[in-house]
Amino acid sequence: MFWRFGFNTTSVIDGILDKEGVTLDDIMGEDELIQEVKTQSVKLIEFLCKPHNLDKLLGYITADDLDEAKRFKYPFVASEIFGCEVFAICEALIQNRDILIKFWTFLERSQPLNPLQASYFTKVNCVLLNKKTAATIGFLRSQPNAVQLLLKHVGCSAIADLILKLISVEDLPEGAGIIKWLSGEGLIARLFSQLDPNLDPEVHTTAAQTLMDIISVSYQSLAPPEQMNALGQPIEAPPSVQSGAGNILIDEMKSEMLLSQLVTCMLDRDAANSTSSLTNGINIIMELIRKYCSEIEHAEIQHHEYQVQLQSNRVGMVLPTAEKLNALAVDMNDLLLVITNRIVDFASFLERPKAIRGPMDTTLGKQIPLGSERLKICELFAELLHLQYLFTSSPLFESFVKPPPYVPVATDENPNPASYTAPTFTVVDGLMGFTERLVDQRIMVVCINLFFTFKWNNFLHSVVYDMIAKVFNTFSYTSSIPTPLALAGPVPSIAELPTSSEASSGSAGPTSGPSQNKMKELRASVKRLVVSIFKDANLMSQITNAQHQNDYEVEQPKGVRLGYMGHLTYIADEVCKLIEKCSPELDDQIHDYIVSEEWQEYVSHPLRETRERDRQSLGGPRPEAPQQGMAFMGAGSSFGYNNAGGGGGGKFGEDSGEFGKPRKKSEVTREGSDEEDDSPGRGVAGESETYNDQFARFLCQQLVKDLPDRFLGGDNSDDDEEADRQWMGDLDGKDVNFDIAEAIHMDNQFPNTSRAREPDEETLSDDMASSKVDGDDESILDSRNTGASESESAPHAAEFVADFDGAFSTKELERAIDGIATSSTAYGASEAGASSSSTAAPSSIPAADWADFSTLGSTPAAISPISIARKDSAPDVE
């Protein structure tokens, strides 16, 4: 241990604290202060826990008269000291309530607060809520105006975060009851009052955002899928699963009184900032609807997983409780009632929005804008129609129509609960009333007309399409089956659960009458809305007219498609699907629209052509796997030896066209791409995977470049190695998808070396003279001449002149390498024999026998003449 031998370093902070009369200012400037607090130095913690030092630390956070040198550093250091969450410091601060009271006077300042100081204030209080939850909540409850002070500065994001932190503390055992206290202090009512249309729009935005954050924090997450402990015993479900979703604050938001107050502020035409109240109020209502839909889906998941585990003789999940089903059945009644009663005012805003005062300049000229009011109202109606579809198609529909009874549980707040009373008005009734009002006020007609009026507003197009799709899907679902999927009676209680044998046998009991009657009523109301869309909005005629207008615009100079054409196709598809499924039920009322000549013409031509075009893949058809054994250089490829007719007259990379005139590779490529379907060299689509085998071509290039040093009698000189490195260096950073026709030329296959493809006559004579063997020179010379020719004598060489135009396949590459290895072995043996005799001729191996790879993909050649010459010459050498 280093400290036993004097290797430990003395802390600068400890040295300062050892002095007499040290103050907090003496250590606030030290860089090691925060680190020493994290290590919980005993001397430092004892020093900071003194009341006057705590008071001074909090004073740094809220002070406005610090020197320039201390203005930013000291408040930051003070907040970080509390942020270390040292228990002793939090304990000392809670015990000195006078210091906390003085600290909370920071909220008594006028608006707006310093955002940096407000963030430090929130940080200190969040630390206290984490470490000393019960004591901190007790302190807040003792303050008479704590909630009012928080709401006064709710426009500051840091203070809004502190409110959300207080709500989240309810999940802790020490924080139970904080939500009830906040509700009693009028938190939600005060936030709703800040949506007054006479207040500033920034206040509206902040209040709405805070309310939506409260909604998100208040709704619980999904319950764990397995509710069994390690011993296989059932675990008690959490309160969010047993009871209705949300909490007291959410119930207060959904109350008829507050919602009526909110809608009144939203629809006030005389107020200055009613547009801001409308848009922010609709955001709050839509958030409530979406969270309610999430709770329905959660209950459906619980029900499905329970059924699955019951069939497998396992009981790990619990069904949605009767209390929760009753809450879901009536949770949105007040909201639906308020909106249904004010739907006339919403319709007037759709037709005559308050914020629109005339045309405005746009990139398309003078245009009347849609406005945020009309768009938000359409979004609100779309959310309600989505709720209708989700509620109608839910497997728990009958449980929502007729919730199962339950026995209320006594609590400390309500020791004598009232007996259970079945609800008489459910969400289904509210949705049917809303649908009827939509038809009466022609809301869908107005929305569809806005769709075709504002050709370039894709936000509106998406919303209106969603509205039409949800209406059609709801009617299609209710018409396709007599009752919903799982109308097997209400969800039973635990005592009424069927046994595993009963569940597997499928005996679910008869379907109750109320759900059937309610489904018929809902189907009738939705049918009225569907017929209104076809008759009152004249949807089919508007679709065909829009198609004609689009065709006219496209034909104009610099004409473009209209902005709604994509969504128009989606809507037409929904119409076709509805007619296909529900034609018998709708035929008596919309028969003339279905069989109209314009609609049939549109479906049979423009719509069909659009569907076919949309079904095509953007990248074309998926390429198929190449056939095995394809020719090395098939016709139509863009590279290879193109020696038409086997004459070998054309250059590498050229194709002999008419009258033997060579053509460039690019010309061949263009023709091959234009006529690839008729090309005889292409067996199937996707052979480009073989033709473009980059790795095989690169290997062949390396083999060709290295072989001359071994087969032409050259030595591995430094010059050749330098040339190789230069060649590879030039290749770096370039596209390696090169053409073998560009890499190897018949005239000069090794452009980076001074060596030619074959030695000339004089060099050949010199080599033969220096290594002449009696009786053997003529056979070697004949063998060289034979190997140098590409179209004479040897079958192996004759194969090279076949007109191929493809790429190296893997098997062909292996065959070429094996052939080279065999030739190399034979030559090595010959060279070894020649080294023992002065009459050896190592430089007499021809180049053409190894340098030409055009035989890849062809029938293996017979024994080459050079091999025969070696065999014949072997006895003479010995």
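Student: At roughly what angle do the axes of helix 30 and helix 31 cross?
Tutor: The model discussed here is predicted. In it, helix 30 spans residues 539–555 and helix 31 spans residues 565–594. Their axes come within 10 Å of each other, and the crossing is left-handed. The angle at which these axes cross is roughly 145°.

Student: How many nonpolar, polar and charged residues form the contact of helix 30 with helix 31?
Tutor: On the side of helix 30, the residues involved are L539, M540, I543, A546, Q547 and N550. They meet M565, L568, I571, A572, V575, I579, Y593 and I594 of helix 31. Divided by type, the residues of this contact are twelve nonpolar, two polar and no charged.

Student: Is C576 buried or exposed?
Tutor: A residue counts as buried when its relative accessible area is under 20%. The relative accessibility of C576 is 17%, and therefore C576 is classed as buried.

Student: What relative accessible area does C293 have, and how many disulfides does the structure hold?
Tutor: A disulfide is a covalent bond between the sulfur atoms of two cysteines. C293 is a buried residue, with a relative accessible area of 5%. As for disulfides, the number in the structure is zero.

Student: Which residues does I163 touch, not counting residues up to four places away in sequence?
Tutor: I163 belongs to helix 12, which covers residues 157–168. Its relative accessible area is 2%, so I163 is buried. With residues up to four places away left out, the residues that I163 touches are L150, L151, V154 and L187.

Student: How far apart in space are I163 and L187, C-alpha to C-alpha?
Tutor: L187 is one of the residues that I163 touches. Along the sequence, I163 and L187 are 24 residues apart. In space, their C-alpha to C-alpha separation is 9.5 Å.

Student: Where does V22 lie, and what distance separates its C-alpha atom from that of F47?
Tutor: V22 is found in the loop between helix 1 (12–17) and helix 2 (24–28). Beyond its neighbours within four places in sequence, V22 is in contact with I16, L17 and F47. Although V22 and F47 are 25 residues apart along the chain, the distance between their C-alpha atoms is 9.8 Å.

Student: With which residues is T133 in contact, leaving aside its neighbours within four places in sequence?
Tutor: T133 lies in helix 10, a helix of residues 133–142. T133 is buried, its relative accessible area being 7%. Outside its sequence neighbours within four places, the contacts of T133 are L128, V169, L172, E174 and G175.

Student: What share of the contacts with a separation of 6 or more joins residues 24 or more positions apart?
Tutor: The chain has 878 residues, of which 45% are buried. It contains 44 helices and four strands. Among its contacts with a separation of 6 or more, the share from residues 24 or more positions apart is 77%.

Student: In which helix is confidence highest?
Tutor: Over the chain, the mean pLDDT is 73, and 62% of the residues reach 70 or more. Confidence is lowest in helix 28 (residues 500–505), where the mean is 38. The highest confidence, with a mean of 95, belongs to residues 443–453, which form helix 26.

Conventions: Residues are numbered from 1 along each chain as its sequence is written. This is a predicted model: local features need pLDDT of at least 70, side-chain atom pairs count only at pLDDT 80 or more; totals for chains, interfaces and linings use all residues. Side-chain values use heavy atoms; hydrogens and water are left out. A disulfide is a pair of cysteine sulfur atoms within 2.5 Å. Buried means under 20% relative accessible area, exposed over 50%, partly exposed in between (1.4 Å probe, protein chains only). Helices (H or I, at least four residues) and strands (E, at least two) are DSSP runs, numbered from the N terminus. Contact means heavy atoms within 4.5 Å. pLDDT is the predictor's confidence in each residue, from 0 to 100. Axes are lines fitted to C-alpha atoms, for helices over the stretch in contact, and angles run from 0 to 180 degrees between N-to-C directions. A crossing is left-handed if the near helix is turned anticlockwise from the far one by less than a right angle, and right-handed if clockwise. Ala, Val, Leu, Ile, Met, Phe, Trp, Tyr, Cys and Pro count as nonpolar, Asp, Glu, Lys and Arg as charged, and the others, Gly among them, as polar.
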